Amino acid sequence: MSALIVEKAGPQASVQDGGRFGVRHLGLTQGGALDWLAQHWANWMLGNRLDAAVVEVTLGGLHVRCEGEGWLALAGADLGATLDDQLLEVWRPFKVRAGQRLCFASPRLGARAYLAVPGGVCAPLLAGSCATVAREGVGGLDSRGSGLQVDDRLAWQGEAGAVRAVPPALIPDLRAPARLELILGAQAGGFSGQSLFDAFNQAWTVDTRSDRMGLRLTGTALRYEGPGLVSEGIPLGAVQVPPDGQPIILLNDRQTIGGYPRLGALSPLAVARLAQCLPGETVSLWPQVAYAAQQRHHRQLRELSGERG
Amino acid sequence: MKARIEVAAIDCLTLRLFEVIDEANVPWLLAAAERLRGVFAGALVELVPSYTTLMLQYDLAQLDDAQARALCEQALVGLEPAATGGGRELALPVWYHPSVGPDLEALAGQRGLPVDEVIALHSGRAYSVFALGFAPGFGFMGLVDPRLASPRLATPRQRVAAGSVGIAERQTAIYPAVSPGGWNLIGRSPARLFDPALEGFSLLHPGDRVRFVPVQRDEFLRLGGDDTPMEAQA
């Protein structure tokens, strides 16, 4: 069995797959890769299941040593990754030999890189998923929700089923402004008219207080004037507005139920785009109704998977 | 049963069956959940019950918004509340004591009740599990006697011990694992609330009825409870 041995863990690197499903009613959150699109591409390059377990590297800092050889693939953010000091290209597979060192530096473009290994990282499952959720103490290599630590073994079995680069035309453009599609929710009508205008006509700044649970935006405060709410289930990408008026976008490790008013929820592709935004970057929100968003989602998935055959 | 069907996300709908928290909602919500599981079958991804709502996530590859709404309406036709409430009856031991329930005496003082009366009132009725959330296996239960209703702490604790029994307004719960928390802590239970080795992972499920049984320290320890005071774990 080949493996990558962690020599330096960096601020936040963890094993993530497509997430945990069928368990939200038990209070267990979703987990899984925040930029699921980049994760899918990383797996596609090696012929893996698209939701196979990968390493999610946030902001860089991860150093690993290769034991054994094989093809790996890198997608998502450009974190200045090098193999024995040679800069690696993102969105391409690359071959490693025993003893080589793969190091992630710091963000050059985007926030999260996805490293795929043949067949996916070997890790124990809970409810069908190895997604690492630190807050819940579940998933990951140790089944206790720990991120990667020094001496961890990221092991894989067998060889890559395919070795192919992402077609250039299909590489997500992380330089383009992040215009995030938001499906309006039922409580949107509870916000003041001015706040609805502000929500969709200002540049929101990504705040430093952001993690896998939620990402805060700062800007002109939004005012909710509707009735008080009883806690209820929260979907991925929910844009909730606490009393300070600064939206929090709830991500994969969100709490499963909550009672703050919500403008709506980002589309899955908008969540993937947001996951690549660094603190200080600006984003805009773009309102949409569910049916139109679904049509667009299917069309984009077809375009993105056109070359996947 | 008439419910509002609201958009929650591209692939999520919220069914709003009630406006206010009431124990009488529970059998209706359970029955609706059962029906929804039936009509959505393999297209259902998640179904999250809460006090007044059910949020469901469906598979976008199988259904669109209109189809999902139609299935929701179909599921609610002629709905009857679940006969038994659907859940199980559970008796969970609790050691009510200031060393593991650091707000027990303050809560008694604020409510003008002797500590023994607080314990008697809290353990004197069965509670419905309304929803699980906040953390894996964390069951929101109610309703506690209005004489015990107390607001959350102004400043939540950074660390609450696993097994801590708390009150917030007219709700009560047990913290399954060490976590931050703002509920008033009155005791500790040795019960294991969440364990990947448990069938279904969680001891509690929506619709269960829970009674708290006061036990002394010896019994608490014998049942596997950890009496380490909070401060020592901070």
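Me: Which residue forms a salt bridge with B:Glu23?
Reply: This is a predicted model: local features need pLDDT of at least 70, side-chain atom pairs count only at pLDDT 80 or more, and totals for chains, interfaces and linings use all residues. Residues are numbered from 1 along each chain as its sequence is written, chains are lettered from A and ligands numbered from 1 in the order in which they are written, and side-chain values use heavy atoms, with hydrogens and water left out. A salt bridge puts a side-chain nitrogen of Lys or Arg within 4 Å of a carboxyl oxygen of Asp or Glu. With closest N and O atoms 3.1 Å apart, the partner of B:Glu23 is B:Arg209.

Me: How far apart are the C-alpha centres of domain 1 and domain 2 of chain B?
Reply: The bounds come from an automatic or database domain assignment. For chain B it gives domain 1 (4–76) and domain 2 (89–222). Their C-alpha centres are separated by 29 Å.

Me: Which residues in domain 1 of chain B lose the most area to domain 2 of chain B?
Reply: Buried area is the accessible area (1.4 Å probe) that two parts lose on being put together, summed over both. The two domains of chain B bury about 820 Å² between them, 64% of it on carbon and sulfur atoms. On the domain 1 side, 63% of the buried area comes from B:Glu23, B:Val26 and B:Tyr51.

Me: Is B:Gln171 buried or exposed?
Reply: B:Gln171 is in strand β10 (residues 171–174) of chain B; a strand is a DSSP run of E, at least two residues. Its contacts (heavy atoms within 4.5 Å) beyond four places in sequence include B:Tyr51, B:Phe140 and B:Trp183. Buried means under 20% relative accessible area, exposed over 50%, partly exposed in between (1.4 Å probe, protein chains only). Because its relative accessibility is 12%, B:Gln171 counts as buried.

Me: How much area is buried between chain A and chain B?
Reply: 38 residues of chain A are in contact with 41 residues of chain B. Carbon and sulfur atoms give 66% of the buried area, which totals about 2900 Å².

Me: Which element gives the largest share of the side of chain A that touches chain B?
Reply: Two salt bridges cross this interface; A:Arg24 forms a salt bridge with B:Glu46, closest N and O atoms 2.9 Å apart. Elements giving two or more residues to the chain A side are β12 (178–184), β15 (232–233), β19 (262–266) and α4 (290–305). With six residues, the largest share comes from α4(A).

Technical notes
Helices (H or I, at least four residues) and strands (E, at least two) are DSSP runs, numbered from the N terminus.
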